[in-house]
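Q: Could we go through this structure together, one feature at a time, so that I learn how to read each of them?

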Amino acid sequence: MIIELKKNTDKKFAETASKELSAIMVETKTSTVLVTPSKLKKLDEKFQAIAEKVIVTEDDIQLAGKKYLSQTRQIKLAENICIGGKTTNTVVITGPCSVESEEQITMSAELCISLGVKILRAGAFKPRTSPYSFQGMGMEGLILLKKIGKKFGLKIITEVRDSTHVNDIIEFADIIQIGAKSMYDHGILKSCAKAKKPVLLKRGFGTTLQEFVQAAEFILSGGNENVILCERGIRTFETKTRFTLDLCGVSYLKEFTNLPVILDPSHAIGYAYGVPDLARACMAMGVEGLLIETHPDPSVAKSDASQQLNHQQFSELYQSLKPIAAAVGRNLI
Ligand code: PEP
Ligand code: MN
């Protein structure tokens with residue numbers, strides 16, 4: 001249950017109510033709310049006087065639910081980079097899997113500028129499956145990303161791998177990416193909840209939609225209203241492709257949550273040959289964004305080499321997204 005408190009509610013009384021109802025008190029931009037466990041279906045008489053509005057929820061998808069906010073949340077990165085809310089913007093994010101050198105990330109930034117892409121992605125702390133693979137440039141990479149973002153006027157999204165560097169990512173990134181493998185890390189979720197910066201939360205590949213949105217609830221209930229969900233493929237019985245992009249799940253998220261959704265076809269299929277088709281299908285889903293990995297020369301990429309598009313392939317894909325965006329009433333930014 002979500003209880004929106006009346007503006008003049010006595011703070012002490014609100015705290016008592018919160019304690020008695022086992023609720024989390026959340027300060028939002030517009031009000032103070034108490035979020036109780038969803039099994040509470042009826043508010044006790046004695047607390048009714050402080051409630052401006054009571055929203056009974058079916059399950060613990062609460063602050064993220066459409067019942068609470070009927071419109072998709074707006075995430076504002078800059079005057080000209082807004083997603084969700086009243087906009088119909090679909091933002092394209094591109095860049096390499098990992099930042100590897102100044103020369104490489106400069107070329108990625110130049111690709112963005114040449115097409116009008118506003119957000120550059122790259123990982124500095126990589127959550128690799130093997131300890132013998134490239135683990136990312138770490139702090140050096142993060143500093144490089146920040147420098148190039150500033151030089152080219154691009155927003156930066158980069159991922160947090162573990163809690164040892166979460167504060168550095170929060171400080172350096174414009175959007176904090178929580179990777180599929182880190183989605184359950186409560187230390188990371190809680191640190192990102194305290195930060196006010198936008199967070200892109202990727203769905204773990206063995207995670208149900210319920211668990212995915214509940215992970216987002218940790219960030220929302222901790223006080224950060226700027227959460228974006230990212231579907232990046234889940235593990236199924238299929239092995240020919242790396243993962244299976246759950247577009248049914250995307251429909252569910254659009255229908256039942258108030259969080260912007262970004263789709264990542266690159267990690268889903270895992271092979272560059274399928275990324276353009278899949279990206280166009282994602283565009284047709286009418287989502288808030290697409291995240292597509294690109295590399296100046298994918299054959300020498302230090303991570304996710306098989307799935308990254310070269311710059312020529314990405315430029316062609318980008319042009320082909322425009323008529324699809326127009327057809328589904330989206331504004332490509
Ligand atoms: C990435 O974006 O490079 C990445 C590692 O993604 P995921 O967490 O979805 O595997
Ligand atoms: Mn990657």
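Q: Is aspartate 304 buried or exposed?

A: One caution comes before the reading: this is a predicted model. The general idea is that a residue is called buried when its relative accessible area is under 20% and exposed when it is over 50%. Aspartate 304, at 14% relative accessibility, therefore counts as buried. The residue belongs to the loop between β14 and α11 (311–327), and its phi is near 45°, a positive value in a residue other than glycine.

Q: How should I read the overall form of the chain, and what does its radius of gyration agree with?

A: The general idea is to set the radius of gyration, taken over C-alpha atoms, beside the value from a globule rule. For 333 residues a compact globule would have a radius near 20 Å, and the chain has 20 Å, so the two agree. Taken along the principal axes, the C-alpha atoms fill a box of roughly 65 × 45 × 40 Å. The secondary structure comes to 11 helices and 15 strands, and buried residues make up 56% of the 333 residues. Among contacts with a separation of 6 or more, 68% are between residues 24 or more positions apart. The chain exposes about 14,400 Å², of which carbon and sulfur atoms supply 54%.

Q: Which side chains place polar atoms at 2.9 Å, 3.0 Å and 3.1 Å from oxygen atoms of ligand 1?

A: For polar contacts, the cut-off to keep in mind is 3.5 Å between N or O atoms. An N or O atom in the side chain of glutamine 177 is 2.9 Å from an oxygen atom of the ligand, a polar side-chain atom of histidine 267 lies 3.0 Å from a ligand oxygen, and for glutamate 293 the corresponding separation is 3.1 Å. Of the 290 Å² of accessible area that ligand 1 has on its own, the protein covers 93%.

Q: How do I read a helix, and which residues of α6 are buried?

A: An α-helix has 3.6 residues a turn, so residues three or four places apart point the same way. In helix α6 (residues 186–194), the buried residues are Ile188, Leu189, Ser191, Cys192 and Ala193. The elements that cover them include β9 (155–160), α5 (166–172), β10 (175–178), β11 (199–202) and α7 (209–221). At the N-terminal end, aspartate 185 caps α6, with a side-chain oxygen 2.9 Å from the backbone nitrogen of glycine 187.

Q: What does the side chain of asparagine 258 reach?

A: Asparagine 258 lies in the loop between α8 (247–256) and β13 (261–263), and it is buried because its relative accessible area is 0%. Its side chain reaches the backbone oxygen of glycine 65 at 2.7 Å. Leaving aside neighbours within four places in sequence, the contacts of asparagine 258 include Leu63, Tyr68, Leu69 and Arg73.

Q: Is glutamate 288 buried or exposed, and which residues does it touch?

A: Glutamate 288 counts as buried because its relative accessibility is 9%. It is found in the loop between α10 (275–284) and β14 (289–293). Not counting residues up to four places away in sequence, glutamate 288 touches residues including Thr72, Asn89, Pro260 and Arg330.

Methods:
Residues are numbered from 1 along each chain as its sequence is written. Chains are lettered from A and ligands numbered from 1 in the order in which they are written. This is a predicted model: local features need pLDDT of at least 70, side-chain atom pairs count only at pLDDT 80 or more; totals for chains, interfaces and linings use all residues. Side-chain values use heavy atoms; hydrogens and water are left out. A polar contact is a pair of N or O atoms within 3.5 Å; within protein, one must be able to donate a hydrogen and the other to accept it, and residues adjacent in sequence count only if both atoms are side-chain atoms. Accessible areas come from the Shrake-Rupley method with a 1.4 Å probe; for residues, only the protein chains shown count as cover. Helices (H or I, at least four residues) and strands (E, at least two) are DSSP runs, numbered from the N terminus. The radius of gyration is taken over C-alpha atoms; the globule rule is 2.2 Å times the number of residues to the power 0.38. Buried means under 20% relative accessible area, exposed over 50%, partly exposed in between (1.4 Å probe, protein chains only). Contact means heavy atoms within 4.5 Å.
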